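Biologist: I am new to this structure and would like to learn how to read it. Could we go through it feature by feature?

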Amino acid sequence: MKIRFLPHTADIRMKIEGSSLEELFTAGVLGMGNILKDGFCDKNGPFVLKLKIELTAHDETCLLIDFLSEVLSSSYAEKAIFCEIKILELTTRKIRAEIHGRQAHGFDEEIKAVTYHEADVQKNNNRDWETLIIFDI
């Protein structure tokens with residue numbers, strides 16, 4: 001699983017890769033969590049909050065963006081950052097997952113939205129899944 005932050009004029013641009021769709025979704029959650037609070041998901045500690053998310057979408061790109069948007073909304077509602085996911089079911093059009101996180105005392109960066117701009121989940125030449133994600137800040 002890889003997470004790289006790329007230059008972008010006004011927003012945050014992140015490229016994520018994974019050997020499976022599950023790894024891609026996990027990378028997206030980890031990357032977004034570390035944007036909200038630098039290094040938060042890299043620290044060891046108990047993730048005491050648990051929420052379930054179930055979504056369906058037109059394709060895997062929409063599913064990922066919608067899922068990350070739901071995790072982001074949950075972060076603001078719960079004043080928490082979610083760093084772990086347990087995938088219960090994942091296809092290219094449906095996800096059922098538990099997200100795990102802990103309270104955060106403020107965020108380093110405010111993410112207004114997870115955008116569809118430049119997002120295109122696909123397999124690369126190495127047969128890994130990848131996409132770009134643009135966060136509106």
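Predicted model: local features only at pLDDT ≥ 70, side-chain atom pairs only at ≥ 80, totals over all residues.

Biologist: Let us begin with the inside. Which residues have the most contacts inside the largest nonpolar core?

Modeller: A nonpolar core is a set of buried nonpolar residues joined through side-chain atoms within 4.5 Å. Here the largest such core holds 43 residues, and Phe 25, Phe 67, Ile 133 and Phe 135 have the most contacts inside it. Two or more residues each come from strand 2 (12-18), helix 1 (21-36), strand 3 (49-56), helix 2 (60-78), strand 4 (80-90), strand 5 (94-103) and strand 8 (129-136). Helix 1 supplies the largest share, 9 residues.

Biologist: Take one of those residues. What is Phe 135 in contact with, leaving aside its neighbours within four places in sequence?

Modeller: The contacts of Phe 135 beyond those neighbours are Asp 11, Ile 12, Met 14, Met 32, Ile 35, Ile 111, Ala 113 and Val 114.

Biologist: How far apart are Lys 50 and Tyr 116 in space?

Modeller: Their C-alpha atoms are 26 Å apart, and 66 residues separate the two in sequence.

Biologist: Which residues make a nonpolar surface patch?

Modeller: Met 1, Ile 3 and Phe 5 make one of about 290 Å². Ile 3 sits in strand 1 (residues 2-6). Its relative accessibility is 32%, so Ile 3 counts as partly exposed.

Biologist: Next, the cysteines. How many disulfides are there?

Modeller: A disulfide is counted when two cysteine sulfur atoms lie within 2.5 Å. By that rule the count is 1. The partners are Cys 41 and Cys 83, with sulfur atoms 2.1 Å apart. The two cysteines are 42 residues apart and link distant parts of the chain: Cys 41 is in the loop between helix 1 and strand 3, while Cys 83 is in strand 4. The angle about the S-S bond is -75°, and the link is left-handed.

Biologist: Are Cys 41 and Cys 83 buried or exposed?

Modeller: Both Cys 41 and Cys 83 are buried. As for Cys 62, its relative accessible area is 23%, so Cys 62 is partly exposed.

Biologist: That leaves the charged residues. How many salt bridges does the structure hold?

Modeller: The general idea is that side chains of opposite charge can pair when their charged atoms come close. This structure holds 6 salt bridges. One of them joins Glu 118 to Arg 13, whose closest N and O atoms are 2.9 Å apart. That pair links distant parts of the chain, 105 residues apart: Glu 118 lies in the loop between strand 6 (113-115) and strand 7 (122-123), and Arg 13 in strand 2. Glu 118 is partly exposed because its relative accessible area is 32%.

Biologist: What are the closest N and O atoms of Lys 37 and Asp 108 separated by?

Modeller: In that salt bridge they are 3.8 Å apart.

Modeller: Salt bridges that share partners join Glu 54, Glu 89, Lys 94 and Arg 96 into one network. Glu 54 counts as exposed because its relative accessibility is 53%, whereas Lys 94, at 26%, is partly exposed.

Biologist: One last residue. Where is Asn 124?

Modeller: Asn 124 is in the loop between strand 7 and strand 8. With a relative accessible area of 15%, Asn 124 is buried. Not counting residues up to four places away in sequence, Asn 124 touches Glu 17 and Glu 130. The C-alpha atoms of Asn 124 and Glu 17 are separated by 9.2 Å, with the two residues 107 apart along the chain.

Notes
Residues numbered from 1 in each chain as written. Heavy atoms only, no water. Buried < 20%, exposed > 50% of the residue type's maximum accessible area, 1.4 Å probe, protein only. Helix = DSSP H or I, 4+ residues; strand = E, 2+ residues; numbered from the N terminus. Contact = heavy atoms within 4.5 Å. Patch = residues over 30% accessible without salt bridge, like charges linked within 9 Å, V, L, I, M, F, W, Y side chains within 5 Å. Areas by Shrake-Rupley, 256 points an atom, 1.4 Å probe, with all protein chains shown as cover. Salt bridge = Lys/Arg side-chain N within 4 Å of Asp/Glu carboxyl O.
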